[in-house]
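Thanks for asking me to take a look at this one. Here are my notes, point by point, to read alongside the model.

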Amino acid sequence: MNHIILSVTKMQPPSAPNNVQPQQQQQQSAIPIQSTNNRSGFMTRLVEYLFFSHLILIAALLIFLAAQGLPRHHHHFRPAHWYPPLLASTGSAAILSLLSQWIAGCSPSKAFKAAFWLAPLSTCAVAVLLINVGSVASLVAGVTALLCAFFLSLYGCWVSPRFYYAIRVLTVSNAPPPLKGKATSLLTLSMLIGTLYSCFLIIGIGGARAGKNNFEALYISILLLSMAWTMQVIKYTLLATITRVKYMYLAAGNDVETSLALRETVKQLMGSICAGSFLVPILGGVWSSARAMKLAAGDTGEFLFSCADCYAGCASTLVMYGNRWGFVHVGVYNKGIMQASIDVWELFRKIELEPLINSDLTGSFCFLSGVAVGATCSLVGGIWAFVIHKSYATELTLFAFFIGYFMCRIAMAWQQACVTAYYVAYAENPQSPRFDNTIPDRIQRLRRLQA
């Protein structure tokens, strides 16, 4: 309990009186955020400046591509056959993403199992569609999708014994307090921004396709990279806001207004969020690939797999400098993403929570939900294009998957934020009465399995 009081005291402004009653603290709508040091503040402001500058440049590029390609009549490009399937896929992505979030909130068990089943099945369906297109590019993409579906199926079978605990954590982390009202409006607003941004980029990509110049591939690559970074920023802005609300309730019993948490996040934390949106997916991908390599290598001593442990060790070190759990301290303490990630990971190691974090399936659940929604959107756009203009089917299928995946990841940030805040709040005070025996029982089970 002393640790909770200390955490709340650290977040109070220096001029705050010391005789504030607990009841008064619980009625506060938000707790002011600390300031970062000068060096961290400079770096975060620089990254924030780069992000918003890149948005301005992307807007200029979109105007240029739209002016270059759309007004003209091109025999090689038919807007009436290219735009409707992709726009329909974008609308489907928004609807399916909100539906996935709603199901996950109402029935975590059904949503969890559905993600692990639907992701490989829908990916396999996309593979069949791409192979039937018949071009070389579609054949390569189709075989790749088929292999991904196969490995996703194997992964689902391998981790199925961990479903019960993962569903349990997802359920208990969503329980206190129920995020309704303004939090739902925040999620809807995030999805609306993501949808509109996707539509604008679709116009730009269509303009690049219509222009048919030597820089077409470069323009499209720039737009897709911009979409990836911007969608991640939207996702982690939502995640940092909700983790702050959940953490403050779990750590101190404070009910923080979601609207105020969002306002302070946008006002003070965008630099750290922009940096984390670039850094965390990369390091997370390295970490996930290292775990997959270690699993494939097993306990063999062959030289071919001897580097797996070394790679896994390097990945475990790298993930300390950028991970999604660090966004809790970003939102609450206004730390830079690297310092926040290091502090949280050291906290996990201190209380021997790292093996449990390594086996957590929340990230896999959100990823597979994104794959399932993305693949479904690919089927919507791809089948439409296959019927009316077969040569567009491959590219529209891939573009639709890209949009659907990131839209769903924005929606599932709610679930990921709840679990993330739950783990960090537990690591800081495992004895808090707000936690049940879910995590301790799992730790004991892992120790028995290792023994």
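1. Phe150 sits in helix H6 (helices are DSSP runs of H or I, at least four residues, numbered from the N terminus). With a relative accessibility of 48%, Phe150 counts as partly exposed; buried means under 20% relative accessible area, exposed over 50%, and partly exposed in between, using a 1.4 Å probe and protein chains only.

2. A word on the source: this is a predicted model, where local features need pLDDT of at least 70, side-chain atom pairs count only at pLDDT 80 or more, and totals for chains, interfaces and linings use all residues. Residues are numbered from 1 along each chain as its sequence is written, and side-chain values use heavy atoms, leaving out hydrogens and water.

3. Now the salt bridges (a side-chain nitrogen of Lys or Arg within 4 Å of a carboxyl oxygen of Asp or Glu). The whole structure has eight of them. In one, the closest N and O atoms of Arg244 and Glu264 are 2.4 Å apart. Arg244 belongs to helix H9 (residues 216-252) and Glu264 to helix H10 (residues 258-268), so this pair ties together parts 20 residues apart in sequence. Arg244 is buried at 2% relative accessibility, and Glu264 is buried at 19%.

4. Glu354 and Arg349 also meet in a salt bridge, at 3.0 Å from N to O. Here Glu354 is buried, with a relative accessible area of 16%, whereas Arg349 is partly exposed at 36%.

5. Finally, Arg209, Glu216 and Glu395 are linked in a salt-bridge network.

Key: Helices (H or I, at least four residues) and strands (E, at least two) are DSSP runs, numbered from the N terminus.
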